[in-house]
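Here is a friendly tour of a structure, taken one topic at a time. Have the viewer open as you read.

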Protein chains: 2
Amino acid sequence: MADKDKMVKIDELRKLAVGILEKVDVPTEDAEITADNLIASDRRGIPSHGVARLKRYVDGLKDGMMVARPDIKVVKEGPSYALIDGGGGLGQVVGSKAMNMAIEKARDSGLAFVTARNSNHYGIAGYYSMMALKEGLLGISMTNSAPLVVPTFSKEIILGTNPLSVAAPAKSGPGVVIDMATSTVPRGKLEVYARLDKKLPLSWATDETGKATNDPKRVLDNLLERRGGGLLPLGGDTEELGGHKGYCLSLMVDILSGVLAGGDFGKHLYAGGKGKPSGCGHFFGCIDINIFRPVEDFKSDMDEYIETLKSSEKAEGAERIYIPGEKEFAFEDSYKDEVPLNEKVYSTLGELAGEYGLEFKL
Amino acid sequence: MADKDKMVKIDELRKLAVGILEKVDVPTEDAEITADNLIASDRRGIPSHGVARLKRYVDGLKDGMMVARPDIKVVKEGPSYALIDGGGGLGQVVGSKAMNMAIEKARDSGLAFVTARNSNHYGIAGYYSMMALKEGLLGISMTNSAPLVVPTFSKEIILGTNPLSVAAPAKSGPGVVIDMATSTVPRGKLEVYARLDKKLPLSWATDETGKATNDPKRVLDNLLERRGGGLLPLGGDTEELGGHKGYCLSLMVDILSGVLAGGDFGKHLYAGGKGKPSGCGHFFGCIDINIFRPVEDFKSDMDEYIETLKSSEKAEGAERIYIPGEKEFAFEDSYKDEVPLNEKVYSTLGELAGEYGLEFKL
C-alpha cells in the first residue's frame with residue numbers, strides 16, 4: 001500500500017463499479033463479471049489492472065471501441081476446442097465466457113483450448129487460469145496487447161507485453177499461479193520510475209535510437225510520439241542477456257492469441273485509433289489432471305515441489321524464496337474486506353459516480 | 001563453424017551413429033530416429049545437442065540409465081490426449097513416439113496433448129515441434145532436465161534449463177520455430193567462456209553464496225561439487241531484472257513435463273546417480289490450425305507478421321532482425337551434405353568406431 005492510497009470497502013467498490021458499467025449500457029451480469037475481475041486484481045496487489053482501468057473501459061464503451069451488448073458468437077466448436085468472436089465486447093466478458101467453455105469441455109473431453117478474437121483488454125491473465133484452478137483443474141490463459149515492445153535489434157514497437165498465465169493446484173495451499181508479462185516490465189513500471197525521478201535498469205527499455213536507456217521520461221515520451229524505442233522483451237536488448245527469448249515468448253503469445261484465432265496481431269492491435277476496435281485476442285486452455293494421473297497425487301507432488309523450493313537454501317542477503325502467485329495470494333488474504341485505492345483512482349471513481357448520479361460511499 | 005571443426009559427410013555420420021547405437025543393442029529403427037535427431041541439431045547449428053551427445057548415450061545405455069529396448073507403454077489415452085511411460089528408453093525414441101501420437105490424434109480430434117514420463121534426454125525441443133510443422137500443424141514441445149538452475153533468491157539448483165518450443169507454419173518460408181531454454185544460458189555457454197577465459201555477464205550465473213558472478217570456472221566447479229549457486233533463470237538474479245519470470249517459466253515447463261505426467265521433477269531428476277534412471281519427462285502438443293481458421297489464411301498472416309518484424313526499423317548498430325528459428329534454418333541450408341564437427345567430438349566418434357569395429361570414414 002503506497003502513501004497516498006485510501007482503503008475502501010470492497011462491497012461498496014463492487015457496487016459502484018457495477019453501477020457505473022450499467023450506466024454505459026453493460027448488462028448487470030456482464031458488469032458483475034467485469035467488476036469482479038478488476039477488484040480481483042486490486043486484491044492481488046496489481047492495481048495497474050484493477051478498477052483504475054474502469055474509466056478507460058467507460059470511455060471505450062462510450063466511444064465505440066468496446067461494445068456494451070456484444071454479439072458473442074461461437075464461430076467453431078468441437079469436443080476439445082472452440083473459437084469465439086467476442087463482438088468487440090469487454091475482454092472480461094469475452095474471456096470469462098471462453099474460459100468457462102474451456103472448463104466445461106475439459107470436464108467432458110479431458111482437455112480443451114478456446115481462442116477468442118475481436119475482444120478487448122481482459123485484465124490480469126491469471127484471473128482466467130484461476131477460474132480453472134478453483135475447480136481443481138490446470139488453467140492456461142494468454143492475451144495479446146497493444147504494441148509497446150521492440151523485437152530484439154529493432155527499434156519499432158510491434159509486440160505487446162503479451163502476458164501468459166498457468167495455474168496448477170496443490171493440496172495444502174492455493175497452488176502455483178504463474179502470471180507474467182513477457183516484457184521485462186510493463187509500461188506502468190516506467191511511469192512509477194518517472195514519477196520518482198529514478199533511473200531505469202538497462203534491460204527495461206530502449207530510446208529512439210534503439211539503444212538501452214535509463215531515462216524513463218524519454219521512453220514514455222517516445223512511446224506517445226512513436227519516435228522509436230520502447231519496452232524490451234524479458235531479458236533485455238541483447239542476445240547475450242537472453243532478450244531474444246523474451247521476444248520469442250511475446251511472439252508465441254501473439255501467435256496463439258491473435259494469429260491462431262484469426263484476430264489482429266502485432267502492429268494491427270489498437271491501430272484504428274479512438275473509437276475503433278482494439279482487435280485483442282486471447283488463448284485459454286484447461287486440463288483435467290485426472291486424464292494423466294489422479295489429481296490428488298498431482299497435488300501431493302505439487303506440495304512437495306513447493307516445499308522444496310521454499311525451504312531451499314537462500315542466497316546471501318535474500319530473505320525468502322517465493323512461489324509464483326504467493327505474494328498475490330498474501331495480498332488477497334490481507335485485502336478481504338477492504339482494498340487500497342490510489343487517491344487519483346479514488347477521485348476518478350468519485351467523478352464517475354457524480355456524472356452518473358450514483359451514490360459514492362467508498 | 002569454429003577453428004578446430006572438421007567438415008564431415010552427413011550420410012557417413014548418420015551411418016556411423018546408427019551403427020554405434022546398434023552395437024549397444026538399440027533396434028535399427030530407434031537408432032535411426034536418434035541419429036536423425038542428433039544430426040538435425042548439428043545441422044541447425046546447435047552442436048551441444050548433436051552427435052557430441054552420442055558418447056553419453058552409449059555410456060547411459062551401457063550402465064543402465066537408459067534402456068536400449070524399452071517397453072514403451074501407453075498408460076492412458078483419449079481422443080485428444082495420452083500419457084506414455086517411456087520405459088527408460090532413449091528420449092528421442094520416446095519423444096518421437098509421443099509426438100507422432102499427438103500428431104495423429106490432432107488430425108482426428110483437432111488438437112492433442114501427450115505427456116511422457118520415465119524418459120531421457122530428448123535432444124533439441126524444436127525437433128518435435130517441427131515434426132508437426134512439417135505436416136502443416138502447430139507443434140509444442142517441452143522437457144524437464146537435470147537441476148542446474150537456481151530459483152530466484154535461492155542458491156540451490158532445483159530447476160532444469162527446461163526448454164520449450166513452439167513451431168508455427170508460414171506460407172513462403174519454413175515458419176517460426178521458437179526453441180529456447182528457460183535459463184538465460186545453458187551450462188555449455190559457461191564452458192565456452194571458461195575455455196576462452198572470458199568474464200560472464202552478470203545475469204547468467206551465481207556463485208556459492210548465491211550472488212551473481214562473472215567467473216565461469218567458479219560456477220562450473222561449484223556445480224560439480226554442489227557447493228551452491230548455479231545457472232540463473234532467464235532475466236537474471238533479481239526481480240528488478242525479471243529473473244522471477246524465468247523462474248516461473250522453468251517451473252511451468254517442469255509442472256507440465258514432470259508433475260503432470262507423474263514422472264520426476266525438480267531435484268529428483270538425475271538424482272539416483274550413475275546407472276539409475278534420469279526420470280525425465282516431456283510434454284507435447286499439436287494443433288490442427290483448421291479447427292480455428294483455414295490454415296492457408298493462418299500462413300498468410302504469419303508471412304505478413306514475419307515480414308513486418310524483419311523489415312522493421314533496426315536499432316542503431318544492429319545489422320538484422322531475426323525471426324525465431326531463422327538462424328537455425330540458415331545453418332540447415334548450408335549444412336545439406338556436410339556438417340562441422342568439433343575435433344574432440346570427431347576423435348571420440350573415431351574411438352567409438354574403433355571400439356565397436358565399425359568403419360570410420362568421416
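## Confidence

Chain A has a mean pLDDT of 97, with 99% of its residues at 70 or more; pLDDT is the predictor's confidence in each residue, from 0 to 100. For the complex, the predictor gives an ipTM of 0.98 and a pTM of 0.98.

This is a predicted model, in which local features need pLDDT of at least 70, side-chain atom pairs count only at pLDDT 80 or more, and totals for chains, interfaces and linings use all residues. Residues are numbered from 1 along each chain as its sequence is written, chains are lettered from A and ligands numbered from 1 in the order in which they are written, and side-chain values use heavy atoms, with hydrogens and water left out.

## The sheet of chain A

Chain A holds an open sheet of seven strands with mixed pairing, in the order β2-β3-β4-β8-β5-β6-β7. Helices (H or I, at least four residues) and strands (E, at least two) are DSSP runs numbered from the N terminus, and two strands pair if DSSP finds at least two bridges between them. On average, neighbouring strands are turned by 10° against each other, direction ignored.

β2(A) runs antiparallel to β3 (residues 81-85) of chain A, joined by five bridges. Opposite A:Gly78 stands A:Tyr81 in β3(A).

## The sheet of chain B and its helices

In chain B, too, there is an open sheet of seven strands, with the order β2-β3-β4-β8-β5-β6-β7 and mixed pairing. β2 (73-78) and β7 (176-180) of chain B each have a single partner strand, so one side of each lacks a neighbour in the sheet.

Helix α5 (residues 126-133) of chain B lies across β5, β6, β7 and β8 (280-287) of chain B, at about 20° to β6(B). Angles run from 0 to 180 degrees between N-to-C directions, with axes fitted to C-alpha atoms, for helices over the stretch in contact. α8(B) packs on the sheet, touching β4, β5, β6 and β8 of chain B, and makes about 95° with β5(B); contact means heavy atoms within 4.5 Å.

## A cavity lined by both chains

What is the volume of the largest cavity? It is about 210 Å³, a volume being the space filled by probe spheres set on grid points joined across faces, edges and corners. A cavity is a set of points, on a 1 Å grid over the protein atoms alone, where a 1.4 Å probe fits but cannot get out; lining residues have an atom within 4 Å of a point.

The lining of the largest cavity has 16 residues, and those nearest its centre are A:Ile140, A:Met142, B:Ile140, B:Met142 and B:Leu256. β5, β6 and α8 (243-259) of chain A, along with β5 (138-143), β6 (164-168) and α8 (243-259) of chain B, each give two or more residues to this lining.

Technical notes: On a 1 Å grid over the protein atoms alone, a cavity is a set of points where a 1.4 Å probe fits but cannot get out, and a pocket is an open set with protein on both sides within 12 Å along at least five of seven lines; lining residues have an atom within 4 Å of a point.
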